[in-house]
Amino acid sequence: MNMKSLLSDDVVAVRGVLTDTHPVDFHALGLTGAIDRLTAPLRKRGTLVHLETPHHGMEVDRESATLLYRAAQELLSNVYKFAQASAVTVRLGCVTHGMSHGLQLKVTDDGGGFDVPAAMVGRHTGMGLRLMRMAVGLAGGEVIIDSAAAAGTCVTVTLPLD
């Protein structure tokens, strides 16, 4: 059995939530490898997954890596459960805004999209996105959600490096 199949067997979809069956080892896999592992259930379902890492091998502290990993888990779970996407792109890299630098995770799908304001106010809807937005905000970062019915979704999570 090759390493790729071993890694993909570690992530399963339980009620649409992508769940690790083994602890995430950022030291062994790196953040990129851990996020790639999360895409296994989408790939098994036939969704075309593009993983873009223009700054592969970048140093990411454990706290930021954990937050970006959990954000990817939430976003990819939502793609799996709701989007009915045929393709998804996950981009992880460094960004510069003026004098500040950051880490950015961008998940884009070609699925059905959704009404963002409606998802952010319901009692039983959008809770994962709201909690993700709160956690990222507490870390000094930001979440931007761009989506429209039948137009897909793009969620950008940016964390400060300085």
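**Helix packing and core: a working chat**

Modeller: In this predicted model, α2 and α4 pack at an angle of about 20°, and their axes are 9 Å apart.

Colleague: What does that make α2 relative to α4, roughly parallel or roughly antiparallel?

Modeller: Roughly parallel, because the cut-off for that is under 35 degrees.

Colleague: And is the crossing of α2 and α4 left-handed or right-handed?

Modeller: Left-handed.

Colleague: Which residues in α2 meet α4?

Modeller: On the α2 side, Phe26, Leu31, Ala34, Ile35, Arg37 and Leu38. They meet Arg62, Ala65, Thr66, Leu68, Tyr69, Ala72, Gln73 and Leu76 in α4.

Colleague: How does the contact of α2 with α4 split by class?

Modeller: It has 10 nonpolar, 2 polar and 2 charged residues.

Colleague: Now α4 and α6. What is the angle there?

Modeller: About 160°, with the axes 10 Å apart. Helix α4 covers residues 62-83, and α6 covers residues 127-138.

Colleague: So how do α4 and α6 run, roughly parallel or roughly antiparallel?

Modeller: Roughly antiparallel, since the angle of about 160° falls in the class that starts over 145. The crossing of α4 and α6 is left-handed.

Colleague: Which residues in α4 meet α6?

Modeller: Leu67, Ala71, Glu74, Leu75 and Asn78. Their partners in α6 are Gly128, Leu129, Met132, Ala135 and Val136. By class, the contact of α4 with α6 has 7 nonpolar, 2 polar and 1 charged residues.

Colleague: How many residues does the largest nonpolar core have?

Modeller: It has 37 residues. Leu105, Met132 and Val157 have the most contacts inside it.

Colleague: Which elements give two or more residues to this core?

Modeller: The helices are α2 (26-38), α4 and α6. The strands are β4 (87-97), β5 (100-109), β6 (142-147) and β7 (153-160).

Colleague: Which one gives the most?

Modeller: α4, with 10 residues.

Colleague: Why would nonpolar side chains be buried together?

Modeller: In soluble globular proteins they tend to be.

Colleague: Step back. How many helices and strands does the protein have?

Modeller: 6 helices and 7 strands. From the N terminus on, the order is α-β-β-α-α-β-α-β-β-α-α-β-β.

Colleague: What share of the protein is buried?

Modeller: 43% of the 162 residues.

Colleague: And what share of the contacts with a separation of 6 or more comes from residues 24 or more positions apart?

Modeller: 63%.

Colleague: Change of topic. Where is Val12?

Modeller: In strand β1, residues 11-14. Val12 counts as partly exposed because its relative accessibility is 34%. Val12 and Leu38 are 26 residues apart along the chain, and their C-alpha atoms are separated by 8.4 Å. Leu38 is also one of the α2 residues that meet α4.

Colleague: Last one, Glu59. Where does Glu59 lie?

Modeller: In the loop between β3 (48-52) and α4.

Colleague: Is Glu59 buried or exposed?

Modeller: Exposed, because its relative accessibility is 75% and the cut-off is over 50%.

Colleague: How many residues apart in sequence are Glu59 and Leu31?

Modeller: 28, and they are 9.4 Å apart in space, C-alpha to C-alpha. Leu31 is another of the α2 residues that meet α4.

Technical notes: Residues numbered from 1 in each chain as written. Predicted model: local features only at pLDDT ≥ 70, side-chain atom pairs only at ≥ 80, totals over all residues. Heavy atoms only, no water. Axes fitted to C-alpha atoms, helices over the stretch in contact; angles between N-to-C directions. Helix = DSSP H or I, 4+ residues; strand = E, 2+ residues; numbered from the N terminus. Parallel < 35°, antiparallel > 145°, perpendicular 65-115°, else oblique. Left-handed = near helix turned anticlockwise from the far one by under 90°. Contact = heavy atoms within 4.5 Å. Nonpolar A, V, L, I, M, F, W, Y, C, P; charged D, E, K, R; others polar. Core = buried A, V, L, I, M, F, W, Y, C linked by side-chain atoms within 4.5 Å. Buried < 20%, exposed > 50% of the residue type's maximum accessible area, 1.4 Å probe, protein only.
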